2 protein chains.
Amino acid sequence: MKGKVNINEKLGKFTAHWTPKIIGELNGQYVKLAKVKGEMVWHSHADEDEMFYILKGSLTLKFRDGEVTLNEGDMYIIPKKVEHQPIAEEECHLMLFEPISTAHTGDVESELTVKELEWI
Amino acid sequence: MKGKVNINEKLGKFTAHWTPKIIGELNGQYVKLAKVKGEMVWHSHADEDEMFYILKGSLTLKFRDGEVTLNEGDMYIIPKKVEHQPIAEEECHLMLFEPISTAHTGDVESELTVKELEWI
């Protein structure tokens, strides 16, 4: 039956950091996978909430008023407009759930910004 | 920092089968956890695509023209209007993503239907 997606098989298809890949679409939302390591730029999304679900490793989310460290099996929903900076000391694998309209680094453009996301 | 959700901790908060619990909300969608065992009724959702992500165990989705068995780490998006029957021989734990508007068993009502979903 078509349509079954195995997360580990999809994770094996790319190595680049901070380059989310699309693995599913439903109700105007994308499901994405990402591998991250190091620091992302500070940014926010004006109109989109964003969910991070940690598949492997640890991710720290810095906010202007604090920070949270997520480990495997943790999820976090960042509300629209909230400035955040994701940081991973070691490689971290995560699943993202966000509207199709979501720009990678919001209204901030940096050398890390990916404009055209790829399906895998 | 408020807002961190650990999936295993949430799974420890309920035991009932076929009774999805809400663990997050973003962009008009709910993130839910469910424990299932046995057969659900055949149903479809007129306006909502539905995503199943398997956290533990196996789930078979029967369709009118075939079936698919999902194991841990597999995800599947059931498009709106597609009739399906979820079946789990042994207990299976899953994460669901679907619009807030999604009725548990679509337009079918059975003794398994849960009308008021609970946040945990």
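Is B:T60 buried or exposed? At 16% relative accessibility, B:T60 counts as buried, where buried means under 20% relative accessible area, exposed over 50% and partly exposed in between, with a 1.4 Å probe and protein chains only. The model is predicted: local features need pLDDT of at least 70, side-chain atom pairs count only at pLDDT 80 or more, and totals for chains, interfaces and linings use all residues. Residues are numbered from 1 along each chain as its sequence is written, chains are lettered from A and ligands numbered from 1 in the order in which they are written, and side-chain values use heavy atoms, with hydrogens and water left out.

B:T60 belongs to strand β5 (residues 58–63) of chain B. Strands (E, at least two residues) and helices (H or I, at least four) are DSSP runs, numbered from the N terminus. The side chain of B:T60 makes a polar contact of 2.9 Å with that of B:T69. A polar contact is a pair of N or O atoms within 3.5 Å; within protein, one must be able to donate a hydrogen and the other to accept it, and residues adjacent in sequence count only if both atoms are side-chain atoms. With neighbours within four places in sequence left aside, B:T60 is in contact (heavy atoms within 4.5 Å) with B:E67, B:V68, B:T69, B:Q85, B:P86 and B:I87.

The interface comes next. The size of an interface is often given as the accessible area lost when the parts come together. Chain B and chain A bury about 2800 Å² between them. This buried area is the accessible area (1.4 Å probe) that two parts lose on being put together, summed over both. Carbon and sulfur atoms carry 61% of it. In chain B, 39 residues are in contact with 39 residues of chain A. Between the two chains there are two salt bridges, each a side-chain nitrogen of Lys or Arg within 4 Å of a carboxyl oxygen of Asp or Glu. B:D74 and A:K4 meet in a salt bridge through their side chains (3.6 Å, N to O). The count of residue pairs in polar contact between chain B and chain A is 10, with both residues at pLDDT 80 or more. On the side of chain B that touches chain A, the elements giving two or more residues are β1 (5–6), β2 (21–26), β3 (29–39), β4, β6 (66–71), β7 (74–78) and β8 (84–99). The most comes from β6(B), with six residues.

At 3% relative accessibility, A:D74 counts as buried. A polar atom of its side chain lies 2.8 Å from the backbone nitrogen of A:N71. Leaving aside neighbours within four places in sequence, A:D74 is in contact with B:K4, B:V5 and B:N6, and also with A:F52, A:Y53, A:I54 and A:T69.

Aromatic pairs were searched over the whole structure. Six were found over all chains. Rings of Phe, Tyr and Trp (its six-membered ring) pair if their centres lie within 6.5 Å; planes under 30 degrees apart count as stacked, over 60 as edge-to-face and the rest as tilted. The rings of A:Y53 and B:Y53 have centres 6.3 Å apart and planes at 80°, so this pair is edge-to-face. A:Y53 lies in strand β4 (residues 50–56) of chain A and B:Y53 in strand β4 (residues 50–56) of chain B, so the pair joins two chains. Both A:Y53 and B:Y53 are buried.

Strand β4 of chain A also holds A:L55 and A:I54. A:L55 counts as buried at 16% relative accessibility. Not counting residues up to four places away in sequence, A:L55 touches B:Y53 as well as residues of chain A, including A:I7, A:L11 and A:L33. A:I54 is buried, with a relative accessible area of 1%. Beyond four places in sequence, A:I54 touches residues including A:L70, A:D74 and A:C92.

Charges over rings occur in chain B. B:R64 lies over the face of B:W42, at 3.8 Å from the ring centre. B:K35 lies over the face of B:F14, at 5.1 Å from the ring centre. The criterion is NZ of Lys or CZ of Arg within 6 Å of the ring centre and within 35 degrees of the ring normal.
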